[in-house]
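I opened the model to look up folds, interfaces and a few single residues. My entries follow the structure.

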Amino acid sequence: MPALLEVKHLKKYFKTGGGLLHAVDDITFTLEKGRTLGVVGESGCGKTTLGRIILHLLDLTDGQILFEGKDISNPSKKELVKAREQMQIIFQDPYSSLNPRMSVSETIMEPLILQGKLTKDEIMEETGNLMDIVGLAERFKNSYPHELDGGRRQRIGVARALALNPKFIVCDEPVSALDVSIQAQIINLMLDLQEERGLAYMFVTHDLSVVKYISDDIMVMYLGQMVEKAPSDELFSHPMHPYTQALLSAIPVPNIHNKKQRIIMQGELTSPINPKPGCRFMDRCRYASPECSEPQVLEEPLPNHFVACCKSNQKEEEEK
Amino acid sequence: MADNILEIHELAVEYHTDEAVIHAVNGVYLNVRQGETIGLVGETGAGKTTVARSIMRILQTPPAKFRGGSIFFQGQDIMTLSEKQMRKIRGDKIAMIFQDPMTALNPIERVGYQIAEAIALHDKVTRAESEKRACDMLETVGIPAGRYKEFPHQFSGGMKQRVVIAMALACNPILLLADEPTTALDVTIQAQVLDMMHSLKEKLGTSVVMITHDLGIVAEICDSVAVVYAGEIVEYGTAEHIFDHPAHPYTVGLFNSLPKLDSTEPRLKPIKGLMPDPTSLPQGCKFYERCPDASEACSAGVPAAVEVSPGHQVKCFLTGVNS
Amino acid sequence: MRKPVTKPEQKRKKSKFGDIWRRLKKNKAAMISLFIITLIILVAVFADIIAPYPYEQQDYSATYVSPSLQHPLGTDKLGRDTFSRLIYGTRQSIQLGIVAIAISTTIGITIGAIAGYYGGWTDNLVMRGLDIYQSIPMFLLCVTLAALMGPSLKNAIIAIGISMVPIPARMMRASILSVREMEYIEAAKAINAKNLRIILKHIIPNAISPLIVSTTMSIGMNILAGAQLSFIGLGAQPPLPEWGTMISDARNVMRDHGELALYPGVCIMITVLAFNLLGDGLRDALDPRLKN
């Protein structure tokens, strides 16, 4: 049986005044039913763009997207409509992702109306069910988004994404705009839904503690490229790429007795416009040497643990 | 008491809108010692920023309205000062950093000049002197002095926040109010900025009030912690106290709702419900509707601060009972 | 759970407008303006009943009569009752304001929405066209158009409407550009909404409020432009009374009978001011986020 989602050598370049911006550069991964892939990286690394391309909210430059074995890289209008019923998105900002002039129930029922399979009464009933599932009380049916708090708004976003009963949802930083106590409520809701419906998530975030908690596998992106991908526990206990190591060491941990040694990276994110062929992290890397200016190959030094760094083997040996 | 540079007594601030009165700050007590970094932790709408803005006296009045309380800065009641006296304190003795570095810098002025201007405004030094000090300040926050003549748009977000910090620290303030200074930054940049703030604090001896919602940041750089809920400080103590023996159910709830890196639990433990509506706060303890251990006494009266151990205060009826 | 679909819908619609109305009611200036505008429109509609004399009735035995019980505001050089002519003049001015705005807004919204939503070369073409159009002074354009079509009230209205098109067009485009970037537009695409639905249901309702405000204010501007055209003889033709024409008529006798220019002048001022203040009030009322 084919995997739920397969992405092969996906590329997205934007033309800018300064040259070609490599937003997503040669990303390959597979996602099975009921699993969660975490995508982490700093702002501008292309993680959001990646999610948008898979849903065809942006056109791809090159590469292939297979959904349940079917190629949907360049879909016809009809194929796209069908594909989007299977794939949905939850946005980061619960303020700008809801139309301020539409009430809660109008927003949730819109996908059902557009699909056109149910009668009016059935749509009303289904809308009620959806609100129930995401934990929105019926009395909010006619409320407008600005009358609700961030957590409830995000629940509307989740309900809208669930309406068409998709198999795969791109979660674009769904909890970063929320307070911790509310964040936990939404994360639990998403985990419950995954369990009940066998949903697959692509969880895009910059919050590493959240991604560890929710993901089966984690992909680390840097300037449009995948630098490392591994099962969640493995990545946190054995980060191989120098960037992953620095990233993990930078998380502030709410524990005053466990002060980690931080790896402070030099410099700032360089520009993804017309990048040089070598390792894009080279300028900030403490292990950098001449061979890093060669193109980096994604290797699999341990089962299911991929890393794109010519130094990763060497370092392992050094540590031993 | 003598080494407290800031003492806040029963501060109460309201916002008056057409529809209702928002009770943003309801009787806050806070002391800041010389050289101390205190974390003001709480969720959106808890009143953290209002407290900071009250200290700076930069609240828009109306809609804001002081209902009571006093703020003593170096023994002087800030609330009674004239606007002219306040201007001398602002920026000179108390500086503030805001969350968004993009809006804090003038986009059409070179960054070095902006720092030099801040120095010249307060210290009445020559132009050359202020420029030299601005260069030093840039170096201090880790920006090469060679970038003195660049414009804000040529800097990345993390660099801009450093410039903002350099500007705030340029006049050697006694107290620095940092309102979520790293929230808009990426983790690796945040780590750089926090590290820098930490070493600057050691070097300059500035007291810092760090407003944040991130307990991780508090653990990194704060000496003591004040947990804010619905405009009240519900728990106050040293960082050790709060992190090792959190006593208020809200603080405990906050810790539990965080995903832990080493956790194997299948689900998080969120605090149920929402923050109470600040236009109609509950009668008794403001947390009792969400509290897992609430009893009838909690809805009847407002709990007073109880000292559970020296310097560790908790506003909860249950603290004595549980421990 | 199962209720008739229409019921909650009706309730909702009512509350949506109710909300705007509730906020507008709090603005005293806007409410007074609304009252004045309603009054002016009523006067325009019922001019035949209210006016004591027909507007063209002349009386050579009573020219330049001072205000009296028979002629509350006196008479002009042909002995026509000034009060009656002011009342009939309301019709022309209101027509000018409202019909011209309907023309410019309809054309403008369409052009602006197309340019804003599709972007790219469509946008470029439309905007450069508007740039050229706007490099011609607006009033000059008005005069030229009116003169080409021949002096009459109808032609003046068309001329004003056409020359005002760039204002709503630019406004609509700018508004759409900002709404187009919102995440809920992407969300609508993700649930397979078609372009037309996205424009009509998601973009326009959120982009329209600045336009409603500017439209209300432009009505005042149009009345002024109409008065100017009439003043130079390109608008309403005698004996049809129009406030601009009346000022123009009074021009020669300004020194002896200044009040004849003053009355229509005050009328224009009050009307324009009322529309502007109402526009201001609407701006605050239409945006629920400005509430606090």
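**Entry 1: chain A, contacts and fold**

What share of the contacts in chain A with a separation of 6 or more comes from residues 24 or more positions apart? I read 65%. Two residues are in contact here if their C-beta atoms, placed from the backbone, lie within 7 Å.

I note the conventions before going on. This is a predicted model, in which local features need pLDDT of at least 70 and side-chain atom pairs count only at pLDDT 80 or more, while totals for chains, interfaces and linings use all residues. Residues are numbered from 1 along each chain as its sequence is written, and chains are lettered from A and ligands numbered from 1 in the order in which they are written.

I listed 10 helices and 12 strands in chain A. Helices (H or I, at least four residues) and strands (E, at least two) are DSSP runs, numbered from the N terminus. The radius of gyration of chain A is 21 Å, close to the 20 Å from the globule rule for 320 residues, so chain A is as compact as a globular protein of that length. That radius is taken over C-alpha atoms, and the rule is 2.2 Å times the number of residues to the power 0.38. Along the principal axes, the C-alpha atoms of chain A fill a box of roughly 65 × 50 × 45 Å.

I also checked burial. In chain A, 48% of the 320 residues count as buried. A residue is buried with 20 or more other C-beta atoms within 10 Å of its own, exposed with 12 or fewer, and partly exposed in between; the C-beta atoms are placed from the backbone.

**Entry 2: confidence in chain A**

The mean pLDDT of chain A is 86, and 95% of the residues score at least 70. pLDDT is the predictor's confidence in each residue, from 0 to 100. Strand β3 (residues 36-40) of chain A is highest at 93, and helix α10 (residues 312-319) of chain A is lowest at a mean of 58. Where pLDDT is low, the predicted coordinates should not be read in detail.

**Entry 3: helix α6 of chain A**

I checked the length of α6(A), residues 180-197. Its 18 residues should span 26 Å at 1.5 Å a residue, and its end C-alpha atoms are 26 Å apart, which agrees. The expected span is 1.5 Å times one less than the number of residues. Buried residues of α6(A) include Val180(A), Ile182(A), Ile186(A) and Met190(A). What do the buried residues of α6(A) pack against? They meet α5 (150-162) and α7 (208-214) of chain A, together with α10 (249-257) of chain B. After α6(A) comes Gly198(A), with a positive phi near 60°.

**Entry 4: chain B and its side facing chain A**

Chain B has 12 helices and 12 strands.

I then turned to the interface. Here 36 residues of chain B are in contact with 32 residues of chain A. α7(B) gives the most to this side of chain B, with six residues. By class, this side has 17 nonpolar, 11 polar and eight charged residues. Ala, Val, Leu, Ile, Met, Phe, Trp, Tyr, Cys and Pro count as nonpolar, Asp, Glu, Lys and Arg as charged, and the others, Gly among them, as polar.

I picked out Gly216(B), which lies in helix α8 (residues 215-221) of chain B. Gly216(B) counts as partly exposed because it has 17 C-beta neighbours inside 10 Å. Neighbours within four places in sequence aside, Gly216(B) is in contact with Ile251(A), Pro252(A), Val253(A) and Pro254(A).

**Entry 5: chain C**

Next, 26 residues of chain A are in contact with 20 residues of chain C. α4(A) gives the most to this side of chain A, with five residues. This side divides into 10 nonpolar, eight polar and eight charged residues.

In chain C I checked helix α4 (residues 82-118). At 1.5 Å a residue its 37 residues should span 54 Å, and its end C-alpha atoms are 53 Å apart, which agrees. Gly119(C) follows α4(C), with a positive phi near 60°.
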